[in-house]
Each structure stands twice: as structure tokens, then as C-alpha cells.
Amino acid sequence: MLFYLDDLPVLFPYDRIYPEQYAYMADLKRTLDANGHCVLEMPSGTGKTFYGRNRKLIYCSRTVPEIEKALAELKRLMAYREEMGARDEGFRGMGLTSRRNLCLHPDVSREKKGKIVDARCRDLTSSFACEKGRAEPGSVELCSFHEELNNYEAGNLLPTGIWTLEDVKRYGRDKGVCPYFTIRRMLTHADVIIYSFHYLLDPKIADQVSKEMSKESIVVFDEAHNIDNVCLESLSIDLTRPMLDSAARSVTKLSEKIEEIKRTDASKLQDEYAKLVEGLQEANNAREREDDDVMANPVLSDDMIKEAVPGNIRKAEHFVAFLKRFVEYMKTRMRVLHVVAETPQSFLQHLKDITYIERRPLRFCAERLTSLVRTLELTNLDEYHALQKIASFATLVATYEKGKVSEQGPASVAADGYAPTGFLLILEPYETEHATVPNPIFHFVCLDPALAMSPVFERFSSVIITSGTISPLDMYPKILGFTPVVIESYPMTLTRNAFLPMVITRGSDQVAISSRFEVRNDPAVVRNFGSILIEMSKAVPDGLVAFFPSYLYMESIVAAWNDMGILNEVWKHKLIFVETPDAAETSIALDNYRKACNNGRGAVLLSVARGKVSEGIDFDHNYGRAVIMFGIPYQYTESRILKARLEFLRDHHRIKETDYLTFDAMRHAAQCVGRVLRGKTDWGLMVFADKRFARADKRAKLPRWINQYITEPHSNLSTDMAIHLSKLFIRSISQPFDHSQTGISLWTLEDIEERQRREKEQMDNELADAAEVGLIKKKDEGGASLQPIKDGGADGGFLAYDDDVDIMMEDEDEFASLGIDASELEGMELA
Ligand code: SF4
């Protein structure tokens, strides 16, 4: 259908639209018109994927299936536009994923691990390998798929159209070109790009892949409820003893290589030295060769590239000695047998006192290493992985020595005017509290997600953060450090209650149930959790998914259930599958779970919140007729990293520990239960089994579309009452149903026009009211003309005009006092 949002024509590829989709579009338009950012929450399966012509769209999704789904939707939309006669000549849409998913090389593509595929590919495609291989064919191995790309005109490697990942692979096979590099080189020419969050948020990758994207692009982070954690991970590094040993071996190898090259071709090192005097830009001019991402660097400001590299690490052998000293220092730090937590500043001071290593050369470490790797023309780059990590750590710790003062002003600012940095170093000598053999880990932890996010907000004018479970909405702007134009959570319109959320607070024996630490292993609680599972597996057809707060808790409960005979009881009704931390095992369990759901045997899947299943797997229709959340999935609060983060949130954003922990637990609980409903034709039960869910402060943190359906009587149930309600629900939902939900949860074009007519009417009435009270003048009473005034009028107020009424306002606030949003007045001109 074709309809208009103000003056913007919208081609929607379906005959009907969900009311929430319409509201979502209107808010998106508002955001884009204002060139601002927004946070929008809408249930999954209600169609959040969108595309706006004229501005490039960068759509970030989390998993490969989600990328494929978005591309398929885009394909459908563009086919519809073509059918409707819209002209989208030269349009290209494509998705990008890792080499592991796209590689066609017969040997490299067989590797299982992404890291190894990347390293092997870099060996075959680095600029020095290519130069040598082309000059002396056969001297080094090259990838023919990569070489073939040179026979195509740059910027025209892919014909126009929408390219799913499979399409590009097929195209690559036909033409003999590498799909991965085809997409990478075409990114700047694409109108829509769909890839994972990391390509924008991880500075190591963003610098290589997304550097050239135009500022006008619209950036969308879909399923963004975990975006803060992605940001933190992208700037955090863990170092271990074996890594330091491996780095030390790499340093030795580097010095051997340097000796060798001194004997064979000393001019190379001299050339490099000369270029480093000019600055990193000169030394790394290979960066301009777009495929040459020999080693990725964490942070590299433009000023830094232009700076000359510090003298003491300019010479290759000096740099290697420098690295050696640094690695040795880190090794001695690892010998400490008590926990240490320190700021980057104190770490650098200690480092300087012991080794005389200064901050400045440390900052250049990662880039200097990259330059050396190029000069020495190293291959087997995966062997240098640990050293690269240490170099990244050195660069990060030296770059983020001091934190920036946030715009809002943090709660505590140090005497030198700087806020405490958003980083902390934590050395944990033992893996667990009770371990006796040391196995130290040095965590370099980023505490402030805004650090990874701010370059995105600075570079792009419109960033849209959206998910089905992103409540409470005001939390994200705070922790990510931005001011949105629109924050909105949409309710779900349903003609019948397609899902039933229930809070079970006690068992049939009236014992309160909870996963609170003190009572979680109480046999009465465990037994009551078990009886919920037994009763639900009897009552619910096909698939049932149960989530636990952690693997550890799940294991202990399952063991106890086994002893109590609960599992045997469940088995009578359904098969039982369990998620494990091993991805391959879990995917086999999932396959069999689906088989059992399809063949009528029915199955229960036991999984954990924050696990793979809770984040990326949909349990639509018969694959999930009920989800049970056993307990509240709070994080393990004894973790030092979490404690540091909570402290940071309290000091910087005035967010209380309990508020953040509850927010985090509830977003994960919502993610888990949200798995059951993947569209409006789906139905299912959502069971929150913990008495704490009954509390208003917990429920307020659930998404609006779930919370609106938790009625008071359903928020404090015992197991038998819940089972009774479930049976009633299943019986009523199984009745024949008139699927035409038109007018209520589905709108036709007429419904949209009716809605727009009503909106206009309301606006007119409000303006007329304003005229009545004398705040605005009607035209026939000598009001201003219909022409917009440019100078704001004699009194310096502003003027807005409308078909029927002209308005002259003294003050914008007067609109507000009437409950009118001034920005919504058509054709308004602000003085
Ligand atoms: S260039 Fe492409 S095909 Fe060749 S190894 Fe790399 S990813 Fe594989």
C-alpha cells in the first residue's frame, strides 16, 4: 500500500500494517527530520526492519540469521517498490559477515575457527605477499579469488540489486571472486549495508571496515538491548600467563627476523625508519590499500597518525627491545599472589618507575608493531596473535590514562579536572576463591560503554537504537551518553490475548518460591520449581522452554530433580534437552528438540538466561508454547569486574547498584520470555516463577508490551492456580478464530487515512481552543498572513501557520501550557 506520513510517501510491501508499525514509522520520521538519535522499543515479530531512500542505511544486527532475515525483507520491499513503479536505479543492498562464513578458498574455508581463517587469509592477501607474488609468480601463495577481483572495475564489483550472503557466495563462485572482499570493497557504494554491531563498535574493526561511511548515513542498532555490553567488550582485554609466554616467543622471533633482514636487505629497515620520522601515515601508507588489514589496532586518532613515532621505538631493534621489556614487566606483575585493582594512571606510573617505559611510546605500540610486521613481511600471523593483544593493551592503557569529563558532569571529578577514567586494571591471581594453584588473569576492563559508542554518535547524525526488550528506556541514553530526540515504547495491539504472562509466587503447598541466594537450594523451593515443570509439561502441547539464572544453578537443580524423581515424571510427557556452554552440543540438542516438537512427542529445553538460546533462537509457534523463567537472572555480584562497573555507574551517572542490577536482570528475563511470541499469529504462555517478580519495581522494568498484559490477579499465583489458568487459556486460544484483525491490530489504508484525519481534527481543535483563550489570532480577526515570516515578527516571537488558523505566539512555552507540541505545527517557522 502507499500512504503518506506528512509529505513523505511510504511504500509498504503489505496490504495491512500494524498500528504500532505506523507509530514506529512516524517516530522514526520525526527523528530523521530532526537529524537526531532515538530509542524505540517494539515487540519482536512486529516488523521493525525499515529502509528510507536517499540516505545510506547502516543496519546493525547481532547474528548471521538475523542479517539474512533483514536482507530477505529488504529484497521483498525492493521488489514491491519496483512493482509500484518506484525508481531505484543503481540501488545496492548487501550484508557483511566474517571471512569464515564467506570464504571460498578450498583449504582456508575448511578451517573451523574464525581467527585461523582470518590469519590464513591475511597471509594470502597482504599487500607485500601480493606484490611479491605478482612480480615473481609462484614465489608466494596467493588466493586466486582475491586476485581475480583486480580484473573488475573498482566500485562495480557487484551488479545493482539486493545481495543476500548466499547470493554473493554464488556470485563469487560463478565469477571466481572472493565474496568477502567483494562486499568489503563495495561497502562505500552500497545504499543499504547490514552487518553485525562489531563493524561499527569495535574500534579495531570499525577502523578498517566502516571508516568511509558518510556522515549522513542512518545507523540502526537492532536487538540493541545488549549494546552496552558489546561496547564494553570491544574495549576490554584479558591477558593470561600463556599469552605472555607466547608473546615473549614472538618477540624472539621478531628479533631473529630483524637480524636476518639486516643481512639480506637492510635498506628495508632504513626505509621504514625514514617513514616513521614522517609519522605513522607515511609508514603505513599500505593502509590505503583497502584489503591490507595485517593487524588491527584498537585506537588510532587522526592526530596520532600524523605524529612522528617516538625516537626510542623508531628503530626496529629498539622497538623489539622495548616490547621485550614490557612483556617481562607484565610477567612479573602476574607473579603477585593477591588481587590488585588499579587505574591506568597508577599502572603507568609503576611501569615507569620499574622499567623507564614512558606513556607516549606505549601509545604507539600497536601501530608500530603493524608497521614492523609489514616491513618484515611476516607470514603465519596467527602466531603473533598474543603479541598483538599485548600491543593493543599497551596502546589502550596509554590512550585512556585519564577519563573525559562527560557533558552532564560526573558525580566525582578528580582534582586535576578529569573524571576517573572509564578503565580499570584488575589482576586476579586465582581462577576461583578456593583455588590453590595460581592461574592469573590480568583484566583490562572498560567500564564506560559510552567510550566505544561516542565515535558512532559523533560521526553519524541519526542513530536508532531499537529492540523488543529495551526497558526502562531512559537507562540507555544515560549509560551510552547521548540525548535522544524520541524515546518510545509501543504497546502491542491484539484482537485476542495471544499470550498469557503469569507470575507464580508460591507452590501449591504455599511455600514461597525464589532463586534468592539464601533459599535457592532449599528442597521445598527446588521441589516446587520441579512441580511447575511437571504440571506445565502435562498441560502445554509441543515445546516448552525453561530458563535458569546460570549454568551452575541449572546443574544443581537438574541434579536435585533427578534425585527427587521429577525428571522421570517430566519424561512421561516430554523429552528433555539441556543447553550447555558448548555451541555444537547445544545446536544438536536444539535440532532434536525441534524434531520432538514437530512429531508430537513434545519436548522441554532447559537453558540459561544470557546463553545462546536466550539471545538468538526463536521459539515460534509449536517450538515454544510456554516459557518458564525460574528465578530472576541477576548477575553474579561477587565478580570484581561487575563491582567496578557498578561503582562507575554510581559515580558517573548516579545510577544505584540495585537499580542497574534489576534493570539488567529484567532485560534478560524479558529476552527469555519474549522468545515465545514471534509475531501476531503466534501464541504462548509466559511464566515468571519467583515471588520477587510480583513486586511493582521489578515489573516496571519489563517492556510495556509484556507489562500491559500482566493483570493484578495474574501477578500473584500459586502453581495450581497458574496451571488452571494455563489450561483455560490454551482451551480458549484453540477455538476457531476470525483471523481478520482488521481495524484493531491490523490497519488498512482506510484505517490509516481515518487516523490521520482524526489527528488533524484534534490538532485543529487544539488550535481553535488556543485562539479562544487569546493566545493565537484567527486570520479573520486580523491575524498574520499565511506566509511564513522570516524575521520572527516585530515582537520577536515566532509564527506558525496552518490552513485555517494563523498563530502568533509570544513564547514557545505558551504552546506547551496548552498541551500542544509546538514542533508538530505544520509549516512552522521558528524565529
Ligand atoms: S581472499 Fe577470500 S576466498 Fe581467498 S582466502 Fe581470503 S576470504 Fe578466502
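Reader: Hi! Which hand does the crossing of helix 7 and helix 8 have?
Author: Hello! The crossing of helix 7 and helix 8 is right-handed. Keep in mind that this is a predicted model.

Reader: Thanks! At what angle do the axes of helix 7 and helix 8 cross?
Author: They cross at roughly 115 degrees, and the axes come within 9 Å. Helix 7 covers residues 165-175. Angles of 65 to 115 degrees count as roughly perpendicular, so that is how helix 7 and helix 8 stand to each other.

Reader: Which residues meet there?
Author: From helix 7 you have Val168, Lys169 and Gly172, and they meet Pro179, Thr182 and Ile183 of helix 8. Sorted by class, that contact has three nonpolar, two polar and one charged residues.

Reader: Okay, now the ligand. How many residues surround it?
Author: The ligand is surrounded by 14 residues, and the closest are Cys103, His105, Cys121, Cys143 and Cys178. By class, the shell has ten nonpolar, three polar and one charged residues.

Reader: And which helix gives the most to that shell?
Author: Helix 4 does, with three residues. Helix 4 (114-125), helix 6 (144-148) and helix 8 (179-186) each supply at least two residues of the shell.

Reader: Changing topic: how many strands form the open sheet?
Author: Seven strands, in the order 17-18-16-19-20-15-21, with parallel pairing. At the edges are strand 17 (575-578) and strand 21 (717-718), each of which pairs on one side only.

Reader: How many bridges link strand 16 and strand 19?
Author: Four bridges, in the parallel sense, between strand 16 (residues 543-548) and strand 19 (residues 626-630). Across from Ala626 in strand 19 you'll find Leu544.

Reader: What does helix 23 touch on the sheet?
Author: Helix 23 (residues 551-564) packs on the sheet and touches strand 16 and strand 18 (603-608). The direction of helix 23 makes about 140 degrees with that of strand 18.

Reader: Where does helix 25 lie?
Author: Helix 25 (residues 583-598) lies across strand 16, strand 17 and strand 18, and runs at about 155 degrees to strand 17.

Reader: Last one: how do helix 22 and helix 23 cross?
Author: Their axes cross at roughly 80 degrees and come within 10 Å, with helix 22 spanning residues 523-539. Helix 22 and helix 23 are therefore roughly perpendicular to each other. Val526, Arg527, Phe529 and Gly530 of helix 22 make the contact with Ile557, Ala560, Trp561 and Met564 of helix 23. By class, this contact has six nonpolar, one polar and one charged residues.

Technical notes: Residues are numbered from 1 along each chain as its sequence is written. This is a predicted model: local features need pLDDT of at least 70, side-chain atom pairs count only at pLDDT 80 or more; totals for chains, interfaces and linings use all residues. A residue is near a molecule or strand if its C-beta atom, placed from the backbone, lies within 6 Å of it. Ala, Val, Leu, Ile, Met, Phe, Trp, Tyr, Cys and Pro count as nonpolar, Asp, Glu, Lys and Arg as charged, and the others, Gly among them, as polar. Axes are lines fitted to C-alpha atoms, for helices over the stretch in contact, and angles run from 0 to 180 degrees between N-to-C directions. Angles under 35 degrees count as roughly parallel, over 145 as roughly antiparallel, 65 to 115 as roughly perpendicular and the rest as oblique. A crossing is left-handed if the near helix is turned anticlockwise from the far one by less than a right angle, and right-handed if clockwise. Two residues are in contact if their C-beta atoms, placed from the backbone, lie within 7 Å. Two strands pair if DSSP finds at least two bridges between them.
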